[in-house]
Amino acid sequence: MRILIKNGMVVDGTGAKAFAASVAIEGEKITAIGQIPEQPGDKMIDAAGLVVAPGFIDTHSHSDLKVLVDPYVEPKIRQGVTTEVLGQDGISMAPLPKQYISPWRKNLAGLDGDSDDIDWTYETTAGYLALMERQGVGLNQSYLVPHGNIRMEAIGLGNCQPNAEEVKTMCAITRREMEAGAYGLSTGLIYMPCAYSETQEIIEMCKVVAEYDGVFVVHQRSEADTILTSMEEVIEVGRQSGVKIHFSHFKVCGKKNWQYIDQVIELLEQAQAEGIRVSFDQYPYVAGSTMLGVILPPWVHDGGTDKLLERLQDAELRQKMIYDMEHGIPGWDNFVDFAGLDQIFVTSVKTAANQDLVGKNLVEIGKIRGKDPYQATFDLLYQEENAVGMVDFYGKEEHVIRFLTRPEQNVCTDGLLAGKPHPRVFGSFPRVLGKYVREEQALPLEAAIHKMTAKPAEVFGFTGRGRLMADYYADIVVFNPETVNDQGTYIDPVQYPVGIEHVLINGKQVIENGQYHKVLAGKVLRK
């Protein structure tokens, strides 16, 4: 049966002006775009007054574990996302040698959650992708091999530097995982064990990634006080390895650091003038979200989560933690310094005992528990085995718009799915279309769609996706440009957006007239 989307305004993803046309779909693919006569037996989707666009690509997703427990990932599909990039921040599911399963699950829990309902013995990226494929996926899933997992397999979880032979091992693991279909390498240089690495280690792995024309996706060492030297390090990786550089969730954190924004943009432009390929993604909010454990000084994480929990039991070490959080450590992104205890809110915990703290900031948590806020926070992290999510406020709307309108930018969610999440999980893409295109008029609709579709497809190397054209996969979003918007707030984030009327993934209709159909329509993508 052919599907015919008729009477819509087509925005094809290239950045070209919208045009009136019909879109014909047979099987998984688009067969024609233009003035297409109806045929008997066609399934008709009337898009009168609506925009027909390629499915959105979320280049920074944390559905890695969730997709094995609940493969539909409905919050993403509801906002028009048809493809996700997993394996972010250097900490993800694979590779995972069997002897590290227990400590790694604890390390991963704050970002991606935990579950006893999955088989953790897949060992490699090939095994992880095959596990996803066997049970099916609701939308297209792709993977970056994470630096932290590579480091763990090669030299363990401790704070140490690899010797020459161990660097070769890390490069061999990188090659093995690229051969398995990874689209690139990710790192999170504020997360352990990635943060222990020196620049040359990363350069050597990125040389391997560059051979495959893969992308190096980086949560850089600093998005705050030392962001300029942090960016220079990442650009040097691109310079020496030839790899494509993609900065994750790009921003400048903290009022005192906003002065660096002009210089940050200059660094991007200088790198490109030199021939280094640079891009970044961004979620359209003035608050971020990660695991609460990042507020602890780096030395607390040495050796993994089990060692972290031991240190949290030591009263003297707690005092040292407080001292470092109040006075800082050179080169460390100190969340308490740039956000403040009153602007860091708990979003998820894993036990019932601390559910009353979800939605509360760290000052409020201290009052609720009748303790100093630091001590109450340490107690919480200990009781939850570090599996605590958080939201932190760091920026201004004018900065969001400035980065949103940069040519290097594409849209992402960076959505952590547990507990009371950041509203970006439900609303990043509709928020750009509603708030920043329609209301703020910060950029044209066609440019915004380009940043959600063809641009990320080109950066990450997704073939046959990201545009509306014949013989491309029928990943398609149909939305109302007059109503589309996010609904979630920081207080009540779990709200689906409005205005997303139809979504097709590989030619299968998963949203019809705003109603979601549970269909495992996605594919596991391999480079």
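A residue is called buried when its relative accessible area is under 20%, exposed when it is over 50%, and partly exposed in between, using a 1.4 Å probe and protein chains only. This is a predicted model, in which local features need pLDDT of at least 70 and side-chain atom pairs count only at pLDDT 80 or more, while totals for chains, interfaces and linings use all residues. Residues are numbered from 1 along each chain as its sequence is written, and side-chain values use heavy atoms, with hydrogens and water left out.

Start with charged pairs. Side chains of opposite charge can pair when their charged atoms come close. A salt bridge here is a side-chain nitrogen of Lys or Arg within 4 Å of a carboxyl oxygen of Asp or Glu. By this rule there are 40 salt bridges. One of them joins Glu408 and Arg406, at 2.9 Å from N to O, and both residues are buried. Another joins Arg424 to Asp414, whose closest N and O atoms are 3.2 Å apart. Helices (H or I, at least four residues) and strands (E, at least two) are DSSP runs, numbered from the N terminus. Both Arg424 and Asp414 are buried.

Arg465 and Asp475 also form a salt bridge, at 2.7 Å from N to O. Both sit in the loop between α18 (454–460) and β18, 10 residues apart. Arg465 counts as buried because its relative accessibility is 6%, and Asp475 is buried at 5%.

Next, look at Asn480, in the loop between β18 (476–479) and β19 (500–505). Its relative accessibility is 18%, so Asn480 counts as buried. Leaving out residues up to four places away in sequence, Asn480 touches Gly49, Leu50, Gly499 and Glu501, where contact means heavy atoms within 4.5 Å. A polar atom of the Asn480 side chain lies 2.8 Å from the backbone nitrogen of Glu482.

Finally, turn to the open spaces. A pocket is found on a 1 Å grid over the protein atoms alone, as an open set of points where a 1.4 Å probe fits, with protein on both sides within 12 Å along at least five of seven lines; lining residues have an atom within 4 Å of a point. The largest pocket holds about 370 Å³ of space. Of its 20 lining residues, Ala109, Asp112, Gly113, Asp114 and Ala418 are closest to the centre. Helix α3 gives the most to this lining, with four residues.

Notes:
Points joined across faces, edges and corners; volume = space filled by probe spheres on them. Polar contact = N/O pair within 3.5 Å; in protein donor to acceptor, adjacent residues only side chain to side chain.
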